[in-house]
Structure formats: structure tokens, C-alpha cells
Amino acid sequence: MATHFFTASSLDGFIATEEHSLDWLLSRDIDQEGPMSYLQFEKRIGALAMGASTYEWVMRHEDGRWGYTQPTWVFTHRALDVPEGADVRLTRSDIAAVHAEMTAAAGEQDIWIVGGGDLAGQFADGGLLDEVWVQYAPVTLGAGAPLLPRALELELLDVARNRDFLCGRYRVVRG
Ligand SMILES: NC(=O)c1ccc[n+]([C@@H]2O[C@H](COP(=O)([O-])OP(=O)(O)OC[C@H]3O[C@@H](n4cnc5c(N)ncnc54)[C@H](OP(=O)(O)O)[C@@H]3O)[C@@H](O)[C@H]2O)c1
């Protein structure tokens, strides 16, 4: 069982524009069944965590429908709307406590920190982040939501090209 931060990024390390737009990403070509793709990755996931901005983006993008079947913890200080039947757990609890709940829920499967970057950083702060997977789009944004605003040592485990994207998989080096 491992905890992954899997995300797409601009080449200069932003995962959304300052206005939370992903137009720069969704216009690119990727083979979702191809190397290091989302569909392959998602099969191993038993629990998700995301921050409030990411949750709000997903809800806007999917017209209020919830597409994930796995239990999902959404970190927020607000009483966000949750669609009927969605296994979404709003939380402001301690990261380690939530990670323990996620681990129990995921069973043999892995945990996906969807974003944003600071939330992934909070898991890393607690020594709870094992891998970082980044799909780099061929674009720079100049500003926006940061990929992973922490100083972390990483080991490159794997690399692939998937159409427009340069994909890297890294292990978080601890200690
Ligand atoms: N490129 C990609 O593949 C990709 C992947 C994921 C996300 N994104 C995008 O990247 C952007 C990320 O936005 P963001 O940087 O604002 O990060 P975010 O993690 O999505 O949201 C940050 C918010 O989460 C809540 N939060 C974070 N940590 C918390 C904690 N410990 N306890 C309670 N609440 C906590 C706070 O919300 P409140 O205090 O307001 O409740 C905080 O303002 C979004 O636009 C998202 O759509 C892109």
C-alpha cells in the first residue's frame, strides 16, 4: 500500500492557473490507456484525498455529478455541498488521522492525493507521501497553483512519453 500524488503540471510547475483553469491541460493530447496514464493508475486506488479548490473544480467540470466510486476525503473549513450518494467525507482533521482512516478504507489498494500541491505537501510533511507522478504538459503558465511547494528529495523511478506529455514517477526520499 502506498500513497501517491498523481497530477498534471505545466513545465514551470503549476497545476492550475491563478483562476483555477485547466484549459491549458484539457486541450492536450494524451492516450488514457497509454504509458503512465490516469486510467492505469486509477485501477490501483482505494481512497482519495483532495482540497476544497480541487473538489470545487471537479464539481464544476462534471456539472455537479460525482464520478469516483472510492471513498474521498475533502479537506475544507466550509460546509460544501455533496451530491446525493457520493462517498465524500468533508474533513478538517489532522492529516495523520485522516491518512489512517484512508489506509483502513483502501485495504490492499493505494491512496491518491489528487491535489492541490500544498495538500500533497501536508502529507509529505507528515512522512506520509510515498510517490509523486507528474505528467508535464508542453506549456508554461508563469503563475498559478503550485505543483508541490515543499523542499523534498526525490528519486526518479520511471519516465515515459505519452503523446504531448512527459511523464515522471518519483519516490519521496525520507530522512
Ligand atoms: N493539473 C492537475 O492535474 C490538477 C490536479 C489537482 C488539482 N488541480 C487544480 O489545482 C488547483 C489547486 O487549488 P489549491 O492550490 O487551492 O489547492 P486545493 O488543495 O485544491 O484547495 C485548497 C483548499 O483546501 C482546503 N484545505 C487544504 N488543506 C486543508 C486542511 N489541512 N484542513 C482543512 N482544509 C484544508 C482549504 O479550503 P477552505 O479553507 O476554503 O475550506 C484550502 O484553501 C485547483 O484549481 C484544482 O482544480 C489540478
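**A helix and its sheet**

In α3, the residues Ala52, Thr54, Tyr55, Trp57, Val58 and Met59 are buried, where buried means under 20% relative accessible area, exposed over 50% and partly exposed in between, with a 1.4 Å probe and protein chains only. This is a predicted model, in which local features need pLDDT of at least 70 and side-chain atom pairs count only at pLDDT 80 or more, while totals for chains, interfaces and linings use all residues. Residues are numbered from 1 along each chain as its sequence is written, and side-chain values use heavy atoms, with hydrogens and water left out.

**Around helix α3**

- The cover over the buried residues of α3 includes α1 (23–26), β3, β4, β5 and β6, with contact meaning heavy atoms within 4.5 Å; helices (H or I, at least four residues) and strands (E, at least two) are DSSP runs, numbered from the N terminus.
- Helix α3 (residues 52–61) lies across β3 (45–51), β4 (72–75), β5 and β6, and runs at about 105 degrees to β3; axes are lines fitted to C-alpha atoms, for helices over the stretch in contact, and angles run from 0 to 180 degrees between N-to-C directions.
- Aspartate 63, which follows α3, has a positive phi near 50 degrees.

**The sheet**

- Eight strands form an open sheet of mixed pairing, in the order β5-β4-β3-β6-β1-β7-β10-β9; two strands pair if DSSP finds at least two bridges between them.
- Because β5 (88–91) and β9 (153–162) stand at the edges with a single partner strand each, one side of each is left without a neighbour in the sheet.
- Strand β1 (residues 3–9) pairs with strand β6 (residues 110–115) in the parallel sense over three bridges, and phenylalanine 5 stands opposite isoleucine 113 in β6.
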